[in-house]
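Good morning, colleagues. Please have the display open while I go through the model.

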Amino acid sequence: SGPVAEGCVGGGTAMRAFDFKAGIGTASRIVPCADARYTAGVIVQSNFGRRDQLRIDGVPVGREILDRMPERGGPRKDKSMLVVVATDAPLIPVQLQRLCKRVSMGLSRTGAISSHGSGDLFIAFSTGNRVVLDQSVDAYALNNRWISHLHQAVIEATEEAILNSLTMAHSMTGRDGNTYHALPLDRLVQIMQAHGRIE
């Protein structure tokens with residue numbers, strides 16, 4: 001219960017994205033479907049991207065912050081993005097696979113391209129049907145006429161979770177002097193103001 005720790009915590013401690021320090025991020029959406037309301041939640045472990053790719057609300061933020069680049073004591077290694085999608089909507093496996101595909105769209109909204117060598121892994125699960133081992137049960141599935149609402153929720157929540165993983169992280173220095181700097185939030189605000197995204 002309560003808020004989920006984000007940024008440089010758990011498996012996110014050593015993660016970086018767009019050449020900034022990153023880590024764990026999460027976001028969710030409430031999704032109205034006919035007479036029901038479901039939740040779609042996303043948690044990410046952000047570890048991908050080059051600086052010049054970073055976009056926030058369409059603004060090329062990474063191209064405007066050219067300093068605060070990583071300081072490495074060793075060779076650059078390939079990175080991998082991990083995403084878990086959870087929902088209480090009653091979905092069957094093929095519908096969950098469709099949610100996993102929408103994760104890539106959320107990634108692309110931040111500028112990610114899933115480069116060669118990237119081991120991006122996405123998984124989705126539903127708590128909408130309760131199954132008891134060794135017992136037959138009736139499983140229900142959300143009518144596909146409503147699934148586009150969940151698609152949008154996953155895309156939006158994935159994008160937001162990635163941005164949360166960046167904005168909640170702090171600069172860190174690790175083994176061999178490897179240093180990753182946090183996204184400077186004051187400069188981010190200035191950039192977004194200059195592009196008319198915030199007042």
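This is a predicted model: local features need pLDDT of at least 70, side-chain atom pairs count only at pLDDT 80 or more; totals for chains, interfaces and linings use all residues.

Which residue forms a salt bridge with arginine 109, and how far apart are the closest N and O atoms? The partner is glutamate 159, and the closest N and O atoms are 3.2 Å apart. By salt bridge I mean a side-chain nitrogen of Lys or Arg within 4 Å of a carboxyl oxygen of Asp or Glu.

Residues are numbered from 1 along each chain as its sequence is written, and side-chain values use heavy atoms, with hydrogens and water left out.

Let me return to that pair. Helices (H or I, at least four residues) and strands (E, at least two) are DSSP runs, numbered from the N terminus. With a relative accessible area of 40%, arginine 109 is partly exposed, whereas glutamate 159, at 14%, counts as buried. The cut-offs are under 20% relative accessible area for buried, over 50% for exposed, and partly exposed in between, with a 1.4 Å probe and protein chains only.

The structure holds seven salt bridges. In another of them, the side chains of arginine 187 and aspartate 67 meet at 2.8 Å, N to O. Arginine 187 belongs to helix α4 and aspartate 67 to the loop between α1 (61–64) and β5, so this pair links parts that are 120 residues apart in sequence. Both partners are partly exposed: arginine 187 has a relative accessible area of 26%, and aspartate 67 has 37%. A further salt bridge joins arginine 175 to aspartate 176, with the closest N and O atoms 3.6 Å apart; both of these residues are exposed.

Four strands form an open sheet in the order β3-β4-β5-β6, with mixed pairing; two strands pair if DSSP finds at least two bridges between them. The edge strands, β3 and β6 (121–126), each pair on one side only. On average, neighbouring strands are turned by 15 degrees against each other, direction ignored. Axes here are lines fitted to C-alpha atoms, for helices over the stretch in contact, and angles run from 0 to 180 degrees between N-to-C directions. Strands β5 and β6 run parallel and are joined by six bridges; leucine 82 stands opposite leucine 121 in β6.

Two helices deserve mention alongside the sheet. Helix α2 packs on the sheet, touching β5 and β6, and its direction makes about 135 degrees with that of β6. Helix α3 lies across β3, β4 and β5, running at about 160 degrees to β3. Contact means heavy atoms within 4.5 Å.

How many residues of α3 are buried? The count is 15 of 21, so the helix is largely enclosed by the rest of the structure. At 1.5 Å a residue, α3 should span 30 Å, and its end C-alpha atoms are 30 Å apart, which agrees; the expected span is 1.5 Å times one less than the number of residues.

Leaving aside residues up to four places away in sequence, histidine 151 touches Arg98, Leu99 and Arg102. Threonine 158, also placed in α3, is buried with a relative accessible area of 0%. Beyond its neighbours within four places in sequence, threonine 158 is in contact with Val42, Val103, Gly106 and Leu107.

I close with the largest nonpolar core, which has 43 residues. Such a core is a set of buried Ala, Val, Leu, Ile, Met, Phe, Trp, Tyr and Cys residues joined through side-chain atoms within 4.5 Å. Among those with the most contacts inside this core are Phe48, Leu99, Leu150 and Leu166. The largest share, nine residues, comes from α3. Leucine 166, not counting residues up to four places away in sequence, touches Ala17, Phe18, Phe20, Lys21, Ala22, Leu54 and Leu183.
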